[in-house]
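Please open the structure in your viewer and keep the residue selection panel at hand. The tour below moves from stop to stop, saying what to select and what is there.

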Amino acid sequence: MSERPDLDSILYPPLEPYVSGMLDVGDGQQLYWEECGNPAGKPAVFVHGGPGGGIVANYRRYFDPERYRVVLVDQRGCGRSRPHASEPSADLSANTTWHLVADLEVLREARGIDAWQVFGGSWGSALALAYAEKHPERVTELVLRGIFTLRRSELDWYYNGGAANIAPEWWRSFEAPLPDGFAGDRIAKFHELLFDPDPAVHLPAGLAWTTWEAATSNLEFSAQHVEEFSDPQFALAFARIENHYFFNAGWFREGQLIDEVDRIRHIPAVIVQGRYDLPCPITTADALHRAWPEADYRVVLAGHAAGEPEIASELVAATDRFAQ
């Protein structure tokens, strides 16, 4: 492959939050949030992936800090939010898509924002769509990447064998905690393993689930990405929350996010999709765009990760355009 551009040359320079805090959203949940950029700038909210991924410093850099007021938040159970899903007593019954949609509204009101741009990729694209379809009057624009809507075909592709044909060596690692010859629904079986009280059961399952995603998210394999996802406590929280959501199909009707896109077709939007995205294959983005032809649809030669230069370039171009 030809040499790819450097990510640091695409993103805005690193910056620190000018304010942060913990937000009580009920159900015993405290969410970590932060703001960066210009306090008088255009409001935007960054909706991270996973679910369970949490926010990292680079997420602040997709927005011009002179023109944007960017709000970032760790969703329930992950990052610096509490209680953390890796804790033995963690209860995820109050951690659903619709809790997270409501949390975004609590956060928006707490920060005194009337409406904001919603930026989300992977699971973040699903949550951004769910939020926008529920509260279209609160969304000025949508910037979406690596489209994921939790349809059964999407979940089966990635966790029940389709993607194994592209990354067989990592598929073997993913399947290692399962019984030999297991042929059932891996999402359901991992649900048993991840919530088993025995650390000898749930920790290996968490690492297998999480590193499968890390290993297959880039067009070119990134050992660094796998290493970043290999901390046992992070991996366990990430895997538990993801599996909890996928086991429950996101609490969506089958096809709901695409079926209800008419509610938001008036909202300016950019959809950025990697042609060779393994976790969230392009067929979903294609289906969304066919239902939403007004959206600006950009397909790039890349995999899944927001940090792939080809994807990052389009995302920054979108936020720059919407800042005008």
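Predicted model: local features only at pLDDT ≥ 70, side-chain atom pairs only at ≥ 80, totals over all residues.

**Backbone stops**

Begin by selecting Gly-50 and Pro-51, which are joined by a cis peptide bond with an omega of about -5°. To place this stop in the fold, look for the loop between strand S3 (42-47) and strand S4 (68-73), where Pro-51 lies. Then go on to Arg-82 and Pro-83, whose connecting peptide bond is also cis, with omega near 0°; Pro-83 sits in the loop between S4 and helix H1 (97-110).

Next, select Asp-27, a residue other than glycine that has a positive phi, near 60°. Asp-27 is found in the loop that runs between strand S1 (19-26) and strand S2 (29-37). A positive phi, near 65°, also occurs at Leu-150, again in a residue other than glycine, and the loop to look for here is the one between strand S6 (139-145) and helix H3 (152-159). Is Leu-150 buried or exposed? With a relative accessibility of 3%, Leu-150 counts as buried, since the cut-off for that class is under 20%.

**Charged side chains**

Side chains of opposite charge can pair when their charged atoms come close. Over the whole structure, a search finds 28 salt bridges, and the remaining stops visit some of the residues that take part.

Select Arg-111 together with Glu-35, which form a salt bridge whose closest N and O atoms are 2.6 Å apart. Because Arg-111 lies in the loop between H1 and strand S5 (116-121) while Glu-35 belongs to strand S2, this pair ties together parts that are 76 residues apart in sequence. If you colour the two by accessibility, Arg-111 is partly exposed at 24% relative accessible area, whereas Glu-35, at 1%, counts as buried.

Now move to helix H1 and select Glu-105 and Arg-108, which lie three residues apart, about one turn of the helix. Their salt bridge has its closest N and O atoms 2.8 Å apart, and both residues count as buried, Glu-105 at 10% relative accessibility and Arg-108 at 4%. Glu-109 is exposed, with a relative accessible area of 55%.

For the last stop, select Glu-16, Glu-34, Arg-60, Asp-74 and Arg-80 together, and you will have on screen a network of salt bridges that links these residues.

How values were computed
Residues numbered from 1 in each chain as written. Heavy atoms only, no water. Helix = DSSP H or I, 4+ residues; strand = E, 2+ residues; numbered from the N terminus. Buried < 20%, exposed > 50% of the residue type's maximum accessible area, 1.4 Å probe, protein only. Salt bridge = Lys/Arg side-chain N within 4 Å of Asp/Glu carboxyl O.
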